[in-house]
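Let's work through a few exercises together. Have a look at the sequence and the 3D structure, and then try each task before reading its solution.

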Amino acid sequence: VMLTVTGGVGDDQTLEATVVIEGRSAFPGVECNSWHIQTLRDTQKSTRSVQNCTDHTEEALSWVQEKYVGFVEEAQLSDLEERHVCSWGRVQGYCQSDPVFRGLCAYTCMPLISERIIGGRLMENVPYYLNGEMTVFQETEVGGIGEHSTCLGDNNEAMLRYRMDKPTALPMPSTPRPVEFQCADVAMGDLNGDRDDVAGDGFEVDLIGSAPCFDLEGISPIVMALCAHSCAHQMQPTAPPTPMPADESFPAGSSHRGRRLHPVHFFNQQLEVTFFRGDAPDYEWEWHGRTFFNGSHAEHHMLGYDNAAPPPTCLDTHGAAPRHVTDAMSGLTPYSMLTEAQPWYRWYARTEPRVSLTSMCNDLSYCPEFTTCILTARFDDEMALWRRGPHTVAGGVTDAGFVAQAAQETINSLFDEGAFRSKVLVSVDRAEALIRVDRWQMNKHVYRNAIGATRLEVLSLGSALVRRVIVSMVDPLHDDGATAGTQLGAEHPRSISSFWQPWVTDLFRVERFEEATAGVFTPAGADAGPFQVRVYAPTVQ
């Protein structure tokens, strides 16, 4: 079924297009009984130009009243109205017997041709009960009008017959020119068609100084109607100036062109008919919707139906019972599935243009050296990278564990000159500063990313023996101390005793390491000197 549809597919997507709604029956391993909405790609559009002729009723009335005097009752001719002349002449048989009348009343005389777009093809004169968009037009070229003639340009056959009836006004030479030159010869005033010297060729039948398309009274209107193409290429003689129109209150003024009461007639003789190829191959169709839930058309041969027709298993919601069945009589998808109120499901998942996925290498640190890096979900990755990264041995150290309690080879791998980077890692729950002695002032401020969090400023690392320092800070009150237990390995009571207030600053743990031998780091001893800090607690008054 091909139609133009406007409606919703899925949640809120609006589809406006020429589509095909197609019913498909299930076959093993591929599909289930359903209806699909598809649109055809623009590359499969076809265009057909169709045209109609036009009636020249004023010229036709003039011709009939002159031509058929004595053949038709005088009263009938005198009472004939311009708007009825073409219909009246067709009834009289003039469309068949009079080429001039047929040319002036071409729209009335020419038969109408109807075409319907069925299955992607234009088919002429098909029965009315067949589906498809219908287009009505006329044959305007050779065969319908006459030899070398068209109702949209030059009707040469009608002009030849007109000259035969007007031997005085439009004389013909003793040997008439071929029919295809009649309009061109008359329009140029070269009735012999010799094209040598119109003004001095010696032929008395040439119309010297005359323009048959414009200045022959009673003749020129019919010549222009029959030879529209040739007359359009001729220079119109200079006409006397048109007097100014009267006021609109008078008929002469109200009917003047440009006045608001002047009737304007529009004639559209050509129509572009665009249609889609309904028989286009499958790869030219874009899929939009279907009447079963996405993903419910599982391959049935996986369920033990290798060689038999699969049962109808398409679902409309997750876990719902099968609802699509095959019509028992035809074996096809029933039409009731299309007409009943039911949802349409998108063929492809919706895309969100504001969301994108990018690759990330977890083996590389996100935070450059000598920076304070505030993180959210990435904080755990950064902690794991420095404490348990590829450079560590023996599994590294847990987030809650003491580095000083790790094996010696693990400590050496953590503080290796090529792996250890001085920086501060910050999150809402924890802050961890990695400090090198040679550039310790670059990362001397440590704090969590939370309102009112304690700020710690390192003033001195101790003696010259100290080469590496780790400072960890955690909120002792968050989640009733559970966060501190997870991050530092021990839960701390809200207060030591009833004589003490709850904690007003963060808990911070400091680990210092000496490098007595190159590449070998050991926990700092009593000779490492004092570790001096300045603590700022915003909530303490």
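Two exercises with worked solutions follow.

This is a predicted model, in which local features need pLDDT of at least 70 and side-chain atom pairs count only at pLDDT 80 or more, while totals for chains, interfaces and linings use all residues. Residues are numbered from 1 along each chain as its sequence is written, and side-chain values use heavy atoms, with hydrogens and water left out.

**Exercise 1.** Find the order of the strands in the open sheet that holds β14, β15 and β19.

*Solution.* Strands are DSSP runs (E, at least two residues), numbered from the N terminus, and two of them pair if DSSP finds at least two bridges between them.
- Step 1: three bridges join β14 to β15; here V446 stands opposite L456.
- Step 2: five bridges join β15 (residues 455-460) to β19. L456 faces V535 there, and S460 has Q532 as its bridge partner.
- Step 3: the order is therefore β14-β15-β19, with antiparallel pairing. β14 (445-447) and β19 (532-536) are the edge strands, each pairing on one side only.

**Exercise 2.** Which residues touch the most other members of the largest nonpolar core?

*Solution.* Such a core is a set of buried (under 20% relative accessible area, 1.4 Å probe, protein chains only) Ala, Val, Leu, Ile, Met, Phe, Trp, Tyr and Cys residues joined through side-chain atoms within 4.5 Å.
- Step 1: of its 34 residues, the answer is V64, F101, L104, M159, Y162, V223 and L226.
- Step 2: take V64. Leaving aside neighbours within four places in sequence, its contacts (heavy atoms within 4.5 Å) include L77, W88 and F101.
- Step 3: a second, separate core has 17 residues, among them C367 and F415.

Notes. Helices (H or I, at least four residues) and strands (E, at least two) are DSSP runs, numbered from the N terminus. Buried means under 20% relative accessible area, exposed over 50%, partly exposed in between (1.4 Å probe, protein chains only).
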